[in-house]
Structures are given as C-alpha cells and as structure tokens.
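Biologist: I should like a close look at one part of this model, the packing of a pair of helices, with some remarks on the backbone elsewhere.

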Amino acid sequence: MIRFIVAILLCVSFVSSIVAQTNPVSFSGKRLKRIVVRNAIVVDGSGKPAAGPYDIVIENDQITQIVGIDPVAAQEGRARRPAPGDLEIEAAGKYVLPGLINLHGHTHDGRGGQPMPVEYCMKLWLACGITTVRDVLGSDKTLKWRAESAAGQVASPRLFAYASFQGGNWPRTPDGARARVRDIKAAGYDGIKLFGIDRDLMAAMMDEAKKQGMRVAHHTGVEETNAWDDIKFGMTSIEHWYGIPDAAIESGRQNFPSTYNYNDEVDRFRYAGRLWREANWERLMKVFDGMIEAGVAWNPTLDIYEASRDLDKAQTNPAFREYLHPVLEEYFKPNPANHGSYFIGWTSTDEAFWKENYRIWMKALYEFEKRGGLIGVGEDAGFIYQMYGFGLLRELELHQEAGFHTLKVIQHATVNNAKILGQESTLGRVRAGYKADLIVVNGNPLENLKVLYPTGIEQIRNGKAVRSGGIEWTIKDGIPYHAPTLAHEVRTLVTKARVVTVKP
Ligand SMILES: [Zn+2]
C-alpha cells in the first residue's frame, strides 16, 4: 500500500515538474483542457469592486470555478486549492478582468486599395485584451473569419458580423428595405449596421429587423432621421453621436453656413465640431429619457474624433513607431480620397470648437448614464490615426475623462457591451458558467488604464526607469494567448512590411 502511495506521489511530482519546466509561453494559442489562474485580484465586469485573491479554473471554453483563498489557511498550508491545470498562470499582484469587447470594430485586410494582412488587426486586438469584436461593416470575409475564430483555427477575437444595410445595391423602397433585412439574415449575419436613412425606409427596415430578431447598430448621421426615430423604432444602439444633439436643436437643424456641403468631409467634420453647443440641454434630457425608455444604447466612439481636437497629438502617437503598419500609415495621411483623412487646412479655431464639443459631449454622456442609459465601448479603428486595439484602450481612457470611475469604464467595455450584443448570459463577466474570455494584467488598471497597452508604462524602481505593465495573457474561448508574444509578432510583421514598402 505504502509503495503504491509512493508511486503515485512520484508520478504526481514527475507531472508537476514537467509543468514547472515547460515554458508557459509554449502553450500560447493552444486549446487546453484545463487552465488554472492563481492568486488573482478580480474585477468581474459588473461594476462591483475588485476582490481577491481567487483561483480561477477554466475547463475547455468555460470558467468552471472561482475559488476564494482563505489567507490564514493558505499561510498554514491547508487552503483548499484547485488541482493543477495543463497551464498554470501565476497571477499574484496581477488583475484579472473579463476579456474586453470592441463594439465598433472593422476587420480590415487592406486600406486604400493596398493589402494589409488581417492578422495585423486580429493580433493587435488580442494583444490589447479584446476577446470579442462586433464588426460593423461585416462582409463574406468576416463570416469566414468568424467561423475560423470559433473553431480556434486562427488567433482572433470572437466575431459578430453586422452587415451594412446600405451595402451593395441598397434598397430605395419600403418593400426593398424589408427584403434587404431578410437577405442579410439569410446570409448568416448576426445583425445590421445602418447608416443615415430616410424615415419611411427606416420604419420598414426596423419593423422587419424586429420580426427577424436582428439587432441594429445605427450610425445615425445628419439626416431626415435622428435620435427620435431611433427611439420610435427601437434601435439597439446609436453609434458615434450624430443624431443625438441634432434631436435637441430647437430649430430642428444645425445652423450650417450656406456654403456647407455634407459630402465634403472637411465641411462635415469641421461643423460637427460646432454641433453640441447648439443642443438645448433641457431638450437633450428629454432625448435621453426617450432613449432610456426605449432601451436605445449609446456607443460614443470618443477616440475616433480625437484628431479633431488635437491633430499634432494624434499624428505623433509614440506607439506608431513600432506598431503602425505602413499601409495604414499611408491611409492616415490627409487625402480627400480616403474616408476620415480630412485634415488639410485644419485650424486652431477648428480645434478650439472641437475641445468645447468634447466637453459638452462628455458631460452629456455622464448624464445619460446617470439617468439610466446604457453606454458601450467601441473604437472604429483603421480610420483617423487610430490603430486596432490601441483605439479601444484609448476609448477607455476617454470614458474616464468623461468622469466615470474605472470600475464603470471596465463595465462599459464588458457587461454593457455584452448586453448590447444580446450575449449578457455568456459573455462579459468573470463568473463560473461564463465563456472563458478573460485577461491577466500586469498591474492595476483601476489605478492606471495605461497598463493595458502593449507598450506598457514607465515606472521608477530603485531610482531607475523600468518598463512594466501590459497584458500578460488574453484568454479567449478558453484558448490562452501570451499577449507580449502576439505584440512581438505584430512588431515583426510591421518591420518586415516597412522594408518591403520602401524598396525602390
Ligand atoms: Zn465604423
């Protein structure tokens, strides 16, 4: 009997020595049966305070146990700890959060007619802690990537594909609008992205979308319709912000100069910077109450307009040095042919108006949530100096700037986003029974959201400046990705692409 026990013990110690000897990084990208994250402080995504330490057990694609560690029992060596996993992640001094959800992403495999590997945005997203992306300009390719991601064949966040309602041969009649909704559903999309639209078409398409059980994300634009129509027809989410202040302007239309041309992007972005100041605050509160009553969420994408308030800052992001793909770099340059590249002749007056615009917008956003509104987080990267993943993390910082506690900011990007996707029972929380989408962070994002960037933060330790921070692991659907490895792969990809690009 004793010999038998000794044999088992030897066997156990042999297995554990293999675990100890194997470099955890070698498990990156591999689906494992069991992962245990140990000693983690957990921010669960619901907005409640951080707590820990906990051991988190992941089996296949699910979080199966979250075990609190009794400090006294642990000290005496009698704490009940979960059995070892195929991968053991030591998270002492680290924070675990739900995987971030990007509610407004674009899976780009090219910009401005030049190819750019989709691996670039997928790996950047994962390296920035994003485990789910709602692609709001989904195409056949997105459907393919969605399937490959779901099967664990590629390093990619899980994808939700929303097809553009106005993509291709877009409908001009109410019957056509209904048919288009049915076609999108039949093609296998998860939802619909709607741009600016006339009221009769919107009424028909929204009615059909309800019948088909399709969610709709609305880039409302400055159109016949505005937030009142989103309220009336039961929109899922308003993307960006157009349509909201418009609905609160007393005269019913912004005071555009007579030479204004909506199709001229300089005009459009310039006068957008003078829109919030025209909204009547009392009317705005009525719009908000209407949105809240109708369950219309707001995904403001504050990050994508930042160049408008500080062009130099946007153009000189230090992370560009290592992470900006040359194809994207070219696309960002001011050029009337590229959407969002409207900065030729941008003035200090434009920036001053935009700074004021942001002040009112952020105050409004804070008020929206205070009254009961549901706020999401999305980046819209690939345009206007925002890189994939980095854009979403910047968006978190801007939610903090708007006045939200970092616990609420993280809630916006996890629980709230899951709700807007209709996935709140499986995604967005660190909770047993939920999908194993979580991130292990080197540092405390509640104190400093900048620890989430792959570039990390600089700290003084023992009188010396050292780099720290960054996400250590992004676990998506139970597959662990070593974030610094992914970031390294992206930097290599960028370096190689630059060499190719500068060839004579
Ligand atoms: Zn977009």
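Biologist: Within what distance do the axes of helix α9 (residues 281-294) and helix α14 (residues 348-370) come, and at roughly what angle do they cross?

Modeller: This is a predicted model, in which local features need pLDDT of at least 70 and side-chain atom pairs count only at pLDDT 80 or more, whereas totals for chains, interfaces and linings use all residues. Residues are numbered from 1 along each chain as its sequence is written, and side-chain values use heavy atoms, with hydrogens and water left out.

The axes of α9 and α14 come within 10 Å and cross at roughly 45°. Axes here are lines fitted to C-alpha atoms over the stretch in contact, with angles from 0 to 180 degrees between N-to-C directions. The two helices are therefore oblique to each other, since angles under 35 degrees count as roughly parallel, over 145 as roughly antiparallel, 65 to 115 as roughly perpendicular and the rest as oblique. Their crossing is right-handed, that is, the near helix is turned clockwise from the far one by less than a right angle.

From α9, the residues W281, L284, M285, F288, M291 and I292 meet I360, K363, A364, E367 and F368 of α14, where contact means heavy atoms within 4.5 Å. Nine of the residues in this contact are nonpolar, none is polar and two are charged. In this division Ala, Val, Leu, Ile, Met, Phe, Trp, Tyr, Cys and Pro are nonpolar, Asp, Glu, Lys and Arg are charged, and the others, Gly among them, are polar. An α-helix has 3.6 residues a turn, so residues three or four places apart point the same way.

Another helix, α6 (residues 199-211), has 13 residues, which at 1.5 Å a residue should span 18 Å, in agreement with its end C-alpha atoms, 18 Å apart. The expected span is 1.5 Å times one less than the number of residues. Just after α6, G213 takes a positive phi of about 65°.

Turning to the remaining backbone features, G52 and P53 are joined by a cis peptide bond with omega of about 0°, and P53 is in strand β2 (residues 51-59). H240, in the loop between β13 (237-239) and α8 (265-272), is not a glycine, yet its phi is positive, near 65°. H240 is buried, with a relative accessible area of 1%.

Terms used: Helix = DSSP H or I, 4+ residues; strand = E, 2+ residues; numbered from the N terminus. Buried < 20%, exposed > 50% of the residue type's maximum accessible area, 1.4 Å probe, protein only.
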